Structures are given as structure tokens and as C-alpha cells.
Amino acid sequence: MARVYLGLGSNIQPEHYLGAGLDALHALFGELALSSVYEGAAIGFEGRPFLNLVARIETAMPIEVLAATLRELEVAHGRRPDATRFESRRLDIDILTYDQCVGCYGPVTLPRDEISHNAFVLRPLAELAPEERHPVLGQTYRALWEAYDKASQQVFPVAFRWRGRVISRAG
């Protein structure tokens, strides 16, 4: 079984679509380990703020099959198949890491570049897996977050519940 970290985000009815995405992931993969949920500005376009979190799953699916399955989930939850990177979305699910794999696997490049460049990915990943190491940089996610220029992109924890469970609290 591979240990996989997924980045989830939404800026259209985000409480609903993140919850629906988590439900779908739970149905496919069982127990999920989750970070807190963070709010941050849209990056690369004008849009409502996003809510983001990181989930850890374990799966025997090959990377390409997992990527296709996640795209099907996004489309099933209202994402247009021709959606571009820099636009609002109901549900976005990205493979951040798949064990310590490095390279291109069909449409997926691992580890995902956004890990070290975007606070909305790095902060929840550092919270969920502080001592795990980036497969290329070799640093822990905690160390990467500590060194990150936090003024460049600000993210804030927000209150979020899923299945009656408090995932995160505001502030």
C-alpha cells in the first residue's frame, strides 16, 4: 500500500464541496488522516478565497489509475472537464506525493511543485506530516514551512466540521 498525500481545495460553496469530496475519498479509501482547513486568497486569478486541506490515504492503486479516479470525482462534483488551473472550482483534488516517487507518471508529476511554493499546500502538509521528508528537497515539511516566506501568501485556519468531527477551529 502506498501512502499518498492529497491536496483538496474549493472556492465555490467550499464547505459543501470539501465535505462531499471527503465523503467520496472515505468511501474509496477508508479512514482519512486530515489536516486543518485553511482559507487563502485565490492565486493567479481574481476569485473568492479558497478553503484547502491535505488528506492522507493509503492505496494500492497505481498513480495513473489514482489520478484518473480523482479527476472522475472532481467532475462528479461539478468541475468542468476543460477547467483550467487558474479559475474558481467546486472541488480540486491533487496528488501531492505518492510514497517517495519522483518523476512523471502519465498526467502527474511527483512530487507536486506546489508543495514548496504555496502556503495553502505546505502549511496543511507540514501540520499533517511534519517529520516526513520532501522526496526531492530532503527537508522535512516542518522545516520547509518554518523557512517559508509567510508574508508572501497568507493562510488562516478556519472552523470546519466533517461527519460531526471537528477538523479545524478558526484562528
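Trainee: Which residue follows H1, and what is its phi?
Mentor: H1 is followed by Gly30, whose phi is positive, near 80°. Helices (H or I, at least four residues) and strands (E, at least two) are DSSP runs numbered from the N terminus. This is a predicted model, in which local features need pLDDT of at least 70 and side-chain atom pairs count only at pLDDT 80 or more, while totals for chains, interfaces and linings use all residues. Residues are numbered from 1 along each chain as its sequence is written, and side-chain values use heavy atoms, with hydrogens and water left out.

Trainee: How many residues has H1, and how far does it reach?
Mentor: H1 has 16 residues and reaches 22 Å from its first C-alpha to its last, close to the expected 22 Å, where the expected span is 1.5 Å times one less than the number of residues.

Trainee: Which residues of H1 are buried?
Mentor: They are Pro14, Tyr17, Leu18, Gly19, Ala20, Gly21, Leu22, Ala24, Leu25 and Phe29. Buried means under 20% relative accessible area, exposed means over 50%, and partly exposed lies in between, with a 1.4 Å probe and protein chains only. These buried residues pack against E1, E2, E3, E4, H2 and E9.

Trainee: At what angle do H1 and H2 pack?
Mentor: H1 (residues 14-29) and H2 (residues 63-76) pack at about 140°, with their axes 11 Å apart; axes are lines fitted to C-alpha atoms over the stretch in contact, and angles run from 0 to 180 degrees between N-to-C directions. Ala24, Leu25, Leu28 and Phe29 in H1 meet Leu66, Thr69, Leu70 and Leu73 in H2, with contact meaning heavy atoms within 4.5 Å. The residues of this contact divide into seven nonpolar, one polar and no charged. Here Ala, Val, Leu, Ile, Met, Phe, Trp, Tyr, Cys and Pro count as nonpolar, Asp, Glu, Lys and Arg as charged, and the others, Gly among them, as polar.

Trainee: New topic: in the largest nonpolar core, which residues touch the most other members?
Mentor: Of its 31 residues, Leu6, Leu8 and Ile95 do, and a nonpolar core is a set of buried Ala, Val, Leu, Ile, Met, Phe, Trp, Tyr and Cys residues joined through side-chain atoms within 4.5 Å. The elements giving two or more residues to this core are E1, H1, E4, H2, E5, E7 and E9. Apart from it lies another core, of 19 residues, among them Leu122, Leu125, Leu128 and Val155.

Trainee: And Thr97, is that buried or exposed?
Mentor: Thr97 counts as buried because its relative accessibility is 3%, and its place is in strand E5. Leaving aside neighbours within four places in sequence, Thr97 is in contact with residues including Arg3, Tyr5, Leu110 and Pro111.

Trainee: Pro111 again; what is the peptide bond from Leu110 to Pro111?
Mentor: That bond is cis, with omega near -10°, and Pro111 sits in the loop between E7 and H3.

Trainee: What is phi of Gln13, and of Arg163?
Mentor: Phi of Gln13 is near 45°, a positive value in a residue other than glycine, and phi of Arg163, likewise a residue other than glycine, is positive and near 55°. Gln13 is in the loop between E1 and H1 and is partly exposed, with a relative accessible area of 49%. Arg163 is in the loop between E9 and E10 and is exposed, at 53%.
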